[in-house]
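Here is a brief report on a predicted model.

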Amino acid sequence: MKTVLNEQNRRNFVAQVESMLHDKLSKCYQCGKCSAGCPVNFEMDYTPNQIIKMTELGMEDSVLNSKTIWLCVSCNTCSTRCPKGFEVTGIMDVLREIAERKGITSKTEKEVQMFHEVFLENVKSHGRIFELELVGKYKLKTKHLFRDMFLAPKMLEKGKLKIHGEKISNLNQVAKIFKDFE
Amino acid sequence: MSRIGVFVCWCGSNIASTVDVEKVREEAAKIPGVVSALDYKYMCSDPGQNSLRNVIKEKNLTGVVLAACSPHMHENTFRKAAVKEGLNPYFVEIANIREQVSWVHEDKERATAKAVDLMKMMVEKVKRDKPIEDVRVPLNKKALVIGGGISGIQAALDIANGGVEVVLVEKEPSIGGRMIQLDETFPTLDCSSCIMTPKMVEVNQHPNIKLYTYSEIEDVSGYIGNFKVKIKKKARSVVEKDCTGCGECWNACPMHKNVKSEFNLNLSERTAIYVPFPQAVPLVPVLDRSVCLHFKKGGKCQKCLDVCGPKCIDFGLQDEIIEETVGAIVAATGYDLMETSMYGEYGYGKYKDVVSGLQFERLLSASGPTEGVIKRPSDGKTPQTIVFVQCVGSRDPEKGVPYCSKVCCMYTAKHAKLFAHKVHGSQSYVFYIDIRSTSKGYEEFVRGTMEQDGAVYLRGRVSKIYEDNGKLIVKGADTLSGNQVEIAADMVVLATGVIPKKGSDKLAQMLGISYDKYGFLTESHPKLRPAESSTAGIFLAGMAQGPRDIPESVVSGSAAASKILGLFSKSEYEVEGTISSVNEATCVACFYCQRVCAYNAISRKEIKDRNGNVVKVVANVNPGLCTGCGACVNACFSKSIDVKGFMDDQIYAEIKSLAV
């Protein structure tokens, strides 16, 4: 792949990412420890360290359309182990956010993107997760109604799924967070 | 009758695991003349040495053979132990059964047989050893330093401050070398001339230093303690002692165009009579006769002389040969930058705005052609985007050199940093293969260039640079993201590799010291004798030995100086006694020995009768130069020359011992 660096665009993109990330991309020295420990690396199109470098080079289209940003499960293994203390998980969040705001739909990871959307809706209305509703809405959206269905009784048995959702007491504060964000 | 003691060392398991040391000892005991044979775990240890001394004393030994490691390791140890018991040190012989046997063989039986053979040979040799006295050479306590760069200056100052006279010879009109061309120095960013000029001035004012600038070494002969040096003082056309350095002459010179300044690496012009830079030491101009109108047009122009107050310009001055006798020499000849013409794809020379690292250094420097304002050579505009390309010529065995030039990673980081400091809002890109920043504060410095000063580093080489619409388009790779990258730059700086100073190989030949295939002067031992050359009395310093940075150059200059001060702290220099000696009775004066001698150690000697008539001419060995290599022994037709301690009868006896 060939990239023609447009300096102004590069700088704008880097500035945008860095301001949201509260960290500097140049901190990364490309040792690859993040990629080495990443549990979902095998499914990614670009490794986490490549995503950082590409972002630094202003390769906006490539990173925002990558599988990687949606496949990241935010397990934080990378950030915990990073010798430079770089927010590796954070950059995935930031890039997902930018992609979402730009209305970029992932071609390959639609369901992951939908899950994120449903998840946030759920938090917005309850202030916390109501699993049953989350799963229900996700299944309706993806139309995979019966997938993983047999897990439900087990989860119910162990008290992992609740029939009635609970809302937190100060829901207006959560609403404020969402408002500030939007 | 010989009374020989044989000592077989186990060297822990180093020897004992492959050689049956007890068998070697038993075999030794059988040899006629051997009165004592012992084996011990570590002969070099204190108890080992003590047992050696006890046996010498008790058995009144006349010779000692150690079957142990290489004589390079412990010959000295055992000789000293023997001397303490009153034995001549040359009655100690080493059979090397470690490096030459146990370390290189696997079959224990055959290795043991070989060890026995080596031991036997040494027994026969030691039986025929004769006492040898070390040779003492008188020392002229004066040093010559070749090269007035930072390492040469450091060496000269250290020697001079030690109370020894120094002759410092510099080829260029001023001392200062490469370092004075630099702007600020990594990693502390102190300005080069601020830290360099005090040292230059100190050299000039030092009562123990005699400074010859614009001078070259014409010839070197002699040996440690007694080098005869011919220095060619090139015609400066200015009488140094009268010149005040006022500058009237170079201001008056009409030749102020078309002559490129060597000091500014062709980025500016100079006059025919010039000082290379304002802080030059000595501040005495040089008249370049190849461009001066006075010399080109038959003496018509003499505007410089007209304005000169002290009338110190002398068009008739001639090259002068000065002879000095010194006891030791420091070769600090420095380095040059590699040509980049082999990289046509980078367009150096074709595009004005593609410059070398040292040229960029001049563009940054306050004393440079742009007075420290970064301007492109093509149109004088301040660049906003600069691409730096590292490893241009270095680490490229195909087109350049395979070695790493060591300083480029750091100076490129410094360039990017200074560019960011001087041009706000600018952007630099650095193409690199690896970042090598291994000294104190270096890694932090490079990280700072990236993290604080915003330089973008791309891991990969540049394949092509071309001009398009007033921009230099740099096509490179970023191997970390796996992309081909294209950057439009205003300027490109190539971190060209370093090579030895042009002509340093000739100088090395003149000095009789060795250099490697690139032309860098080689150390006597790369780790343990890093300041010494292969020739006694000649020391090395600075980039002449290989790529290194300023601190390392200073260290090496000081190291050479301390070696010389150590040498001069004795009244005489001791040379090992195992050198050639001529049998004057049989020498036929064919001088084949002289022809094969690599050290110029053989000269003609006339034997005269009491009336002063020459009776005979014979070969004569200079003990200061002879290394005892034995080349002359092979060349001698009349068997008149021998290396002491390696006489023919000894060698034959060694061979015969194997025939039994």
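What is the order of the strands in the open sheet of chain B? The order is β18-β25-β19-β20-β21, five strands with parallel pairing. Strands are DSSP runs (E, at least two residues) and helices likewise (H or I, at least four), numbered from the N terminus. Two strands pair if DSSP finds at least two bridges between them. β18 (354-356) and β21 (456-459) of chain B are the edge strands; each has a single partner, so one side of each lacks a neighbour in the sheet. From one strand to the next, the twist averages 20°. β18(B) pairs with β25(B) (residues 491-496) over three bridges, in the parallel sense. There, B:V355 stands opposite B:V493.

The axes of α8(A) (residues 110-126) and α9(A) (residues 131-142) come within 10 Å and cross at roughly 140°. Axes are lines fitted to C-alpha atoms, for helices over the stretch in contact; angles run from 0 to 180 degrees between N-to-C directions. A:F115 and A:F119 are among the α8(A) residues that meet α9(A), whose side includes A:L134 and A:Y138. Contact requires C-beta atoms, placed from the backbone, within 7 Å.

Residues are numbered from 1 along each chain as its sequence is written, while chains are lettered from A and ligands numbered from 1 in the order written. In this predicted model, local features need pLDDT of at least 70, side-chain atom pairs count only at pLDDT 80 or more, and totals for chains, interfaces and linings use all residues.

Methods:
Two residues are in contact if their C-beta atoms, placed from the backbone, lie within 7 Å.
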